Every structure is written in structure tokens, then in C-alpha cells.
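Hi everyone, thanks for coming. Have a look at the sequence and the structure on the screen, and then I'll talk about charged side chains.

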Amino acid sequence: STLLASSAASDVYKRQKYTDDTAKALQDAVAHAEEILGKDGKSDAEIKEAYNQIMDAIVGLKMKGNKAALEAMIKKAESILAENSRYVAATIEGLDEELAAAKAVYENNQALQSEVNEAVKSLTFKIAEARLLGDVDGDGQITTNDTVEILRAAAEIATLSAEDAASADVNGDGVADTLDAAPVSYTHLT
């Protein structure tokens, strides 16, 4: 049974799905078991110890993280930063730092799934804060509804929240007014 465990463990090690340190521990346990099995006059206790070492190493294996979601969020963050002038500056502040941290996890070949998940979560939350200039209603699109909201606020029919007002200030003059409605309408038409 130690020979079968040794063979199975070797197959597991060769898959390269596991972190280097835990895969190395398994490889060492397999090498030790092969040494014991090849030895003349091996005792049952030695065989049992080698078997237990293999089992412990298998239980201790840690899988490398799946990074597909992280890769997608990194691409999204990069596209936002590439067009940063289209966003309310305050809503993308710190995105570059969050992106750098996510890339560090992505480039770490030994990153565990828990580390990958945390990087995805942090970057996703930061991306969710990004607000397009002109997207007054916060629906992620610039439409005629946004122009209407700007005009209603300018006519004092409605009041904009601070976040909506920042998004409505398309021309960057510090005020959400009728001068901002034209650029929003133009953006929607193009």
C-alpha cells in the first residue's frame, strides 16, 4: 500500500496545481518512501512511518489559486485608468494602488485561492466606486436621462446628491448647470 500511495503522490506532484512548498514536501515524502521500500531489512514501523509521511504531505497540499476572475478585474481597472478623464476623479482615486496590489497577487505563482479571492474582492469594490462623468443617475450609462437630471437641477426642480453633482459637472467648472447638459447630450449622441 505504501508503493501505491507513493505512485499516486508522484502523480499528484506532477500536476503543478499546488504551491511549490507543499508539492516539495510531498516529493520529499515520496523519495523517503522509495528509499525505505528499496532498503533490505526494512521494518513494518519504517514502512508505516513512510506511509504516514506521504499521507500528511497529501493532506497538506495547497492548491494555487484560479486567477481568471482576477485577470478580468485587472483588465477592467486598466481600461478605467486608460480613460481616467472620463471619470469623476475622486471616484477613481486609489485605483492605481489597488490595481498594483492585485497585479502582485496575479503575478505570484504561489498565490493561494484565498489570496486571489481577496484581491478580486478589493479590486471589484474599488472599480464599483468609479463613476463616469455625465452619468448623473448612476446607472453606468450616459443617456438623455442624465441630461434631464442636470436640467432639472439647474432649474431647481430637483436637488442632486454630492456624488450626482460631481458626475454632472462634465465641464469641470465646479457647478452642475446647463453648460454641462450639452456635453452630456453630445456624448450620448456619439
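So, which side chain does Glu-83 meet in a salt bridge? That would be Arg-86, at 3.5 Å from N to O. By salt bridge I mean a side-chain nitrogen of Lys or Arg within 4 Å of a carboxyl oxygen of Asp or Glu.

Quick word on where this comes from: this is a predicted model, where local features need pLDDT of at least 70, side-chain atom pairs count only at pLDDT 80 or more, and totals for chains, interfaces and linings use all residues. Residues are numbered from 1 along each chain as its sequence is written, and side-chain values use heavy atoms, with hydrogens and water left out.

Back to the pair. Glu-83 is partly exposed at 37% relative accessibility, and Arg-86 is partly exposed at 39%. For that term, buried is under 20% relative accessible area, exposed is over 50%, and partly exposed is in between, with a 1.4 Å probe and protein chains only.

Next up, Glu-78 and Lys-103, whose side chains form a salt bridge at 2.8 Å, N to O. Glu-78 sits in helix α4, residues 68–82, and Lys-103 in helix α5, residues 95–107, so this pair ties together parts 25 residues apart in sequence. Helices here are DSSP runs of H or I, at least four residues, numbered from the N terminus. Glu-78 is partly exposed at 34%, and Lys-103 is too, at 29%.

Then there's Lys-39, which pairs with Glu-46, the closest N and O atoms being 2.4 Å apart. Lys-39 has a relative accessible area of 33%, so we call it partly exposed.

And the count by this rule? Six salt bridges.

Notes
Helices (H or I, at least four residues) and strands (E, at least two) are DSSP runs, numbered from the N terminus.
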